[in-house]
Structures are given as structure tokens and as C-alpha cells.
Amino acid sequence: MANPASRPQRAYHQDYICRIRYENSLPPPPGSVKLLDIPIDGLDYYASPGFASRLHRSQPINIEADAELGMPIDLVGMPGVFDGDESSIQAPLIPPPVHPRDKNLLRPLSELGKPKYQPGGISFLRRTEYISSDVARARSEAASKSVPKSSGPKLRKPVDTSKDDPINVLRAAVKGFDIAHPEDAYTGPDTKDNIKGLEPTPAETEAWNNPKHPIKSNLKPVDFYPILPDLEAGTDTGSYMIAKFTANPTQVIEKHDPRMDVGMLRPIEMDDVAITEYNTKLAAHVADPVRNPHPGGAPFNYHFFLPTDETSASNLRKKLDVHNLDKDNPGLYTTKNKEGKDIFRMNQQRVYETGRSTAADPDHAYKEVALALHDAEVEAIDYSESVDATNGESTRRLGKAAYYYPVMQKMQLKPHRSKTLAQLGVTSRVEDDDDDRKIDALEVVVDDLNETERAKRAEHRAGLLGDGEATQLSDA
């Protein structure tokens, strides 16, 4: 029997098949790679300053560059940069529109190169795998072939233009009030003062009687508050401001400082330079609102004052609460001044300047409002029409409702640093710093409104209610 090891072994020819799964679609470099002939003499040689100096002299810069290398850093020509105004070197708040030729340069990385999906050139997929887009396209084509095409032209669905009619819009608005208060619905003919609302559908009436959450249907409303204006809480300007500090204005960080509830901001009179700069920005906005955003409210600086302690803050809140029957008690004052008069002393904390400010459009005063919920049962206060026990005067109490207050300006307050800049020689504007030494504290006394303040508030109420109703409210 022959030995198997002595038999000649047959050679089998095999081909190695390698399929390219990820192809690099980048073009080859346009030029040959530049290699530097660097002698290898050790790490100490390359780490020495002399090597970098010789490399710099042997490989000069082959571009024409100015002294600033194409990046201007001269701040002399920037207006207001040495006065603390860095708006000239910052990007505009509203970026300019992109030119159509530059839109291709702003495409994301996912859209560059070859598309991720190629319908017919994917060879590494198995036969049992399918591409969802091909299947969806095949199904849509099959469905379109099964439906017979109409020979006539497609007719556009008619649009009901009567819905945009001003009278119809007013009727739709009145319909909402009729659904909420059907007993007060007007059913007579249209007149100059009264107009009949649209007829509500059963679905609209059911939605009002049994409201449901648009997303979470298992939620049920806990309570309802009518939205009403608080006409008795008006200010001299008829609106309110929202101020936000960029940093904590007090040293209390573990909890809320109750003194912040009665803090006071006293505006500092603007100088001529600031007034001229603000008027220039405002005029530029009026001339071209697209390129020049509204500068917001006037950039005042403010003195910020806080009570001396938490007891003074609590007593001052009681003094300002019109529903507190003990508000006229002189024992609420915590300090006496040099003349022996009862006062609240509020010490100055520091000076703040306006960072960012946005002002509302005067023609749309109620575009942004603040809401305050009042409920007599929850707050355990009688909000009915009552008589103040201390002076016998009638006090108007707030009923259960969500009262709204117009917000005309929102501003960001940041610490004023003009004195620091003046010490460094960057700016010479130190007028505001003189005001820091003039006012150290405020002596606050709470009193009733005078005739001038009452007239201003009555004027704003007349704009909302009309002259007749505002006069009746003032008399009440």
C-alpha cells in the first residue's frame, strides 16, 4: 500500500474577491506633497529655539501679508470702544440675509460629497434586505396605476372669502363671548353698538362645557379664572417693566432674600452723550428698521436700594398692601430721621446699568402681559366690597380672576463699571460715579396718591373703558 505522504499534492486555484464597501470620493491632492529634508540628530536638536529660527529663515512665507496679517486689531477707529460700548466690534443682533450665491457654502456636512443612498449601486446588501424607499416608491407607483386618471382638468377647491370679512371676524369673536355667557348674548338685529355673533356649533358648546387637554386627555381642569384687567393697579405710565439682574444683587445665596420683594431702583439722569447716542440709534431704526434693530428703552443707570433688615422689608410690604387693615399703623415704620419723622431706611447697594433692553410697540401695549391669580378662598382674604376699619374709607377688593398687567419694557441690569474704566484711563466719563457719593440711603414714607397721580391713572383707565365708565370707576 502506498504511503499517502508520497502522493503528489494537487494545487487548487482560488481567487480572493474583495468588494469595496466604503469608497473615498475625495479627489487626489492637486499638487505633490512637499517634504522637508530634516536631519535626524535627536530630540534635543528639534526642541531647541535655534531649529525653529533656522526653519523660519529657510522657509519664508510665500503670501503677501500686511503688518496685521489680514486681521485688523487697531481699535482707534472703532466708535465708543474706549467708553465701554463694544457694539461696533460685535456681530449685529439681526444678521443680514444670505446672498443666493453663498447658500451653497452654508450646506451641512451631511449634504457634501456623494449622496448616502444610491438606488442601484449597493452590492454589499444581502438578497433578504430591502431598501424602504424603493419599496415605498414601488407601492406608490402601483397604487397610482390602479386608479384611473381623469381626463378633465383639476379644479381648485373654492376658497370662502367671506371668512376674512371684518364683520365676519367680529361675529366670530362675539361668538366666543356668547358661548361663555349665553344669558348675555345679543339676539337682535345688527346696530352701530351691538352686533349678533355667529351661531355656535354643538361641538363648540361641548368643548366649553367639558374642556379637555389637547395632548393629555386624562387631565381634568382644577379651577377656572376669568382674565380681567386690574384697573386699580395702574401706574403713571400705564404699564410695568421687567428687570433681570445678571448676577445676584445681594450676599444671600442659600435662600430667597425677602428684601428683594420691596427693592427700589432710582434712575440716574442721562448725560448728553448717552442721549445723543440713543437718539441716533432710534433715528436709524426709524429710517431702516430691517438693518437697524430697535434700541429698546432709554439706557438709564439705576441706583439700587434695599431695606436694612428683613423686619423692615416685612413691615414695608404690609404698608404697601391695600388689603391690609393695619396698613395705616404708624408702628410699622422701623426708623426715625433727624426731624423725628417715622420712615423706612433703604441703603444703596450699588449702581447698575442697562445691558439689553427691549421695548414693546406702543400701538400693541398688551402684546406681553404679566398674570396674577387672585382667589379669596385660597388666600383667606375677603375680596368683596368692604369698609376699611382704620379710616372708614371704601376699599375696592379684587374678585376671583386672573388679572393681567401690560409689560412695556424688559431690561437686563448689570453692575456699572465706569469708575473702574476711568481709573485704568480707558474712559473719562465719571459723571455717574459722582452720583454714587450723593445718595447713600433713601428715607421712604408711604402715602396716598395725590391729585396729579390720580389724574394720570384715570387717563389710562379712560383709554381702556371709555370716559364714562372710567369716571364712574373713579367716583366709586
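1. A salt bridge, as the term is used here, is a side-chain nitrogen of Lys or Arg within 4 Å of a carboxyl oxygen of Asp or Glu. In this predicted model, the side chains of R171 and D190 form such a pair, with an N to O distance of 2.3 Å. R171 belongs to helix α4 (residues 166-180), while D190 sits in the loop between α4 and α5 (202-209), so that the pair links distant parts of the chain, 19 residues apart. D190 counts as partly exposed, at 40% relative accessibility.

2. On the overall make-up, the protein contains twelve helices and eleven strands, and 19% of its 476 residues count as buried. Among the contacts with a separation of 6 or more, 71% are between residues 24 or more positions apart. The protein exposes about 38000 Å², of which carbon and sulfur atoms supply 55%.

3. In a search of the whole structure, eleven salt bridges are found. One of them joins the side chains of K281 and E277, at 3.7 Å from N to O. These two residues are four residues apart in helix α6 (residues 272-287), and therefore K281 and E277 are separated by about one helical turn. Both ends of the pair are partly exposed: K281 has a relative accessible area of 38%, and E277 is at 29% relative accessibility.

4. A further salt bridge brings together the side chains of E353 and K414, with 3.9 Å from N to O. Because E353 lies in strand β6 and K414 in strand β10 (residues 401-415), this pair ties together parts that are 61 residues apart in sequence. K414 is partly exposed, its relative accessible area being 35%.

5. Leaving aside residues up to four places away in sequence, M346 touches V262, G263, M264, F305, L306, P307, L316, A441, L442 and V444. In soluble globular proteins, nonpolar side chains tend to be buried together.

6. The surface also carries nonpolar side chains: I227, Y366, V369, L371 and L464 make a nonpolar surface patch of about 470 Å². Within this group, L371 has its place in strand β7 (residues 369-374). The relative accessible area of L371 is 55%, and L371 is therefore classed as exposed, since the cut-off for that class is over 50%.

7. A last point concerns S239, which is found in the loop between β1 (227-229) and β2 (240-245). Is S239 buried or exposed? With a relative accessible area of 13%, S239 is buried, because the class covers values under 20%. Not counting residues up to four places away in sequence, S239 touches P406 and M408.

Definitions and conventions:
Residues numbered from 1 in each chain as written. Predicted model: local features only at pLDDT ≥ 70, side-chain atom pairs only at ≥ 80, totals over all residues. Heavy atoms only, no water. Contact = heavy atoms within 4.5 Å. Patch = residues over 30% accessible without salt bridge, like charges linked within 9 Å, V, L, I, M, F, W, Y side chains within 5 Å. Areas by Shrake-Rupley, 256 points an atom, 1.4 Å probe, with all protein chains shown as cover. Buried < 20%, exposed > 50% of the residue type's maximum accessible area, 1.4 Å probe, protein only.
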